[in-house]
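My notes follow as numbered points.

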Amino acid sequence: MPRTDIKDRQRRCVLPFEALPAEVRLLRRAAVTQLSQWGVPTADDVTQLLVTELATNVIKHVGEGSPATLILEWKRERLRVEMHDKGSSLPSVRTVDCDAECGRGLHMLAAMAVDWGTVVTALGKAVWCEIELGSEAVCLRTERAIDALEGYRERGGSVLHGRCEAVLEESAVELIADLLHWTSTRGLDPDDVLDRAQMHYEAESEAA
């Protein structure tokens, strides 16, 4: 997955797929896995609905089996969902019961998203929308932990490869263990370091 500079607090995931009914479920699962990895699972339900609708539109209006790409971008309080395909017809919301690409799905998209739109691309078009995540998804410590785990996993052994929640949990355990070894080699008491970290966590949790 392409990574961006931590300074801009933005993450981007590109998921190419074939527009087939069987692929939609896998695409939803991949999106949920990515959100969990980023630490923003609160957007799971809405994101799954949007991914389903956008992918289904590609199947219906561009063609079953056509190549498409789902892009997820997380920046602070918003999650951006983009669906790129090779279709040339731009959708628009008109009436609820219209038969074209401007059907009920776009009304649902507009209702769930804080903003949405379409754009012509070099290969066709993209339909995008943005979801409001709320302040609970913008914890700086969580963002730093995600970056640390991603970097740590890249340098780890085979046991740390993958994207599932269990792999991330194991990465966290291994990282904490390595940090305790580091504190010991510096002449510090690992138990004391853990106690101080726990105190910081509890104080910030109570203040939140």
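1. Of the contacts (heavy atoms within 4.5 Å) between residues at least 6 apart in sequence, 62% join residues at least 24 apart.

2. This is a predicted model: local features need pLDDT of at least 70, side-chain atom pairs count only at pLDDT 80 or more, and totals for chains, interfaces and linings use all residues. Residues are numbered from 1 along each chain as its sequence is written, and side-chain values use heavy atoms, with hydrogens and water left out.

3. The mean pLDDT (the predictor's confidence in each residue, from 0 to 100) is 77 for the chain, and 70% of the residues reach 70 or more. Strand 3 (residues 78-85) has the highest confidence, at 94, and helix 4 (residues 140-155) the lowest, at a mean of 67. Residues 1-8 are below 50, yet this stretch has 15 contacts beyond near neighbours in sequence. Residues 157-163 also stay under 50, with 19 contacts beyond four places in sequence. Where pLDDT is low, the predicted coordinates should not be read in detail.

4. The chain has 6 helices and 5 strands, counted as DSSP runs (helices H or I, at least four residues; strands E, at least two) and numbered from the N terminus. Their order along the sequence is β-α-α-β-β-α-β-β-α-α-α.

5. Strand 4 (residues 115-120) and strand 5 (residues 125-132) run antiparallel and are joined by 6 bridges; pairing requires at least two bridges found by DSSP. They form a hairpin with 4 residues between them. Glycine 117 has tryptophan 128 in strand 5 as its bridge partner.
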